[in-house]
Amino acid sequence: MGVPLFDTDTPRAALRGELEAAMTRVLDSGRFILGPEVAAFEREFADYTGAAHAIGVANGTDALTIALRALGVGPGDEVVVPSFTFYASAEAIPPTGATPVFCDVDPETFVATPEAVRAVLTPRTKAVVLVHLFGNVAPVAEVEALGVPVLEDAAQATGSRLGDALTGALGTIATFSFYPSKNLGGLGDGGAVATSDAALDERVRTLRFHGSPDKETFTDVGYNSRLDELQAAALRVQLPHVHGWCDARRAAARMYAEAGLGELCGLPVATPASDPAWNLYVVRHARAEELAAALRDAGIGARTYYSVPAHRQPALAAYGRDAVLPGTDEAARTHLALPMSAVLTRAQVDEVVAAIRGARL
Ligand SMILES: Cc1ncc(COP(=O)(O)O)c(C=O)c1O
């Protein structure tokens, strides 16, 4: 039958009529930039995350650079970031003028630990980017307790919980991506910054509009980085469904465990007190690449994501030359993403598990 790695089309298809009506509403309004849809989405997304403010920006990468700039990060500063993440988490740092300093991750949870962050802190550390990778929740409070502000990179973790709180409201400032395959995905690029600090909210709003608080005076060299009205309207249609979709992702993870996947590979390990809404369902296996190839032959979507971690990428290698990151190397070698979506069925899960069993690796 075959099982795709992810399926965002099926949930979105159910909302097609509402999405078309939202697109028509924007077209009829003639307002395409920073109009009522963006303002309403910012209010609704802030309410969803539990942060006091949310600011729409063009994508999750800009969100990171702008949030760092809002924190005052600049030339001469260091920003700690895990190397085992999507490249953009680290790529967003050099444009601020600061130096990325790579920290290790726990190869079971795939997120940074307070010990790994502490090991690379220096008097020049201005901020720590903690990535809620694959939807797992990084230890934000524990790292902020080290005395340094945390930027949550929640691009992959919309809807993940720590106790009663959602990602985006755990640290000083947070960033999101609405890339179409994310837990809340748009119909193109989009992103947001969330914070409960009114001064940071103002800074982000200024920076996303060319560094101008009033569109007349330009106080900073900023960015043209805005969420479009069309994207905001599409996101508003989907936002009320995200809670249910995230629960469906959690249920899919439980189905994998019930189907016996844990006998065949290392299941995803949620960090203490967290309840991840897995954006990617990433297991651990000693022969991950071989298993991925066998699964693809069987029609199952499976792939590794970060086999070459950020500190070994050509563009960032100069920053990572001295980094010794054994957890990162292990995670890079052993991780493997299996099919995950809000509409994954038990029959599909059984097919994936049977294919892994059949691969005999
Ligand atoms: C962890 C992480 N950070 C940042 C980004 C960047 O988001 P965007 O693609 O919207 O720029 C992504 C996106 O894919 C991501 O997975």
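A: Around the ligand sit 15 residues, each with a heavy atom within 4 Å of it. The closest are Gly60, Thr61, Asp153, Gln156 and Ser177. This is a predicted model, where local features need pLDDT of at least 70, side-chain atom pairs count only at pLDDT 80 or more, and totals for chains, interfaces and linings use all residues. Numbering starts from 1 along each chain as its sequence is written, and side-chain values use heavy atoms, without hydrogens or water.

Now the polar contacts (N or O pairs within 3.5 Å). Gly60 places a backbone N or O atom 2.8 Å from a ligand oxygen. Asp153 has a polar side-chain atom 2.7 Å from a ligand nitrogen. For Lys182, a side-chain N or O atom is 2.9 Å from an oxygen of the ligand.

Helices here are DSSP runs (H or I) of at least four residues.

Which residues in H4 meet H8? Ile66, Arg69 and Ala70 do. Their partners in H8 are Leu200, Arg203, Val204, Leu207 and Arg208, with contact meaning heavy atoms within 4.5 Å. The residues of this contact divide into 5 nonpolar, no polar and 3 charged; Ala, Val, Leu and Ile are among those counted as nonpolar, and Arg counts as charged.

Terms used. Polar contact = N/O pair within 3.5 Å; in protein donor to acceptor, adjacent residues only side chain to side chain. Helix = DSSP H or I, 4+ residues; strand = E, 2+ residues; numbered from the N terminus.
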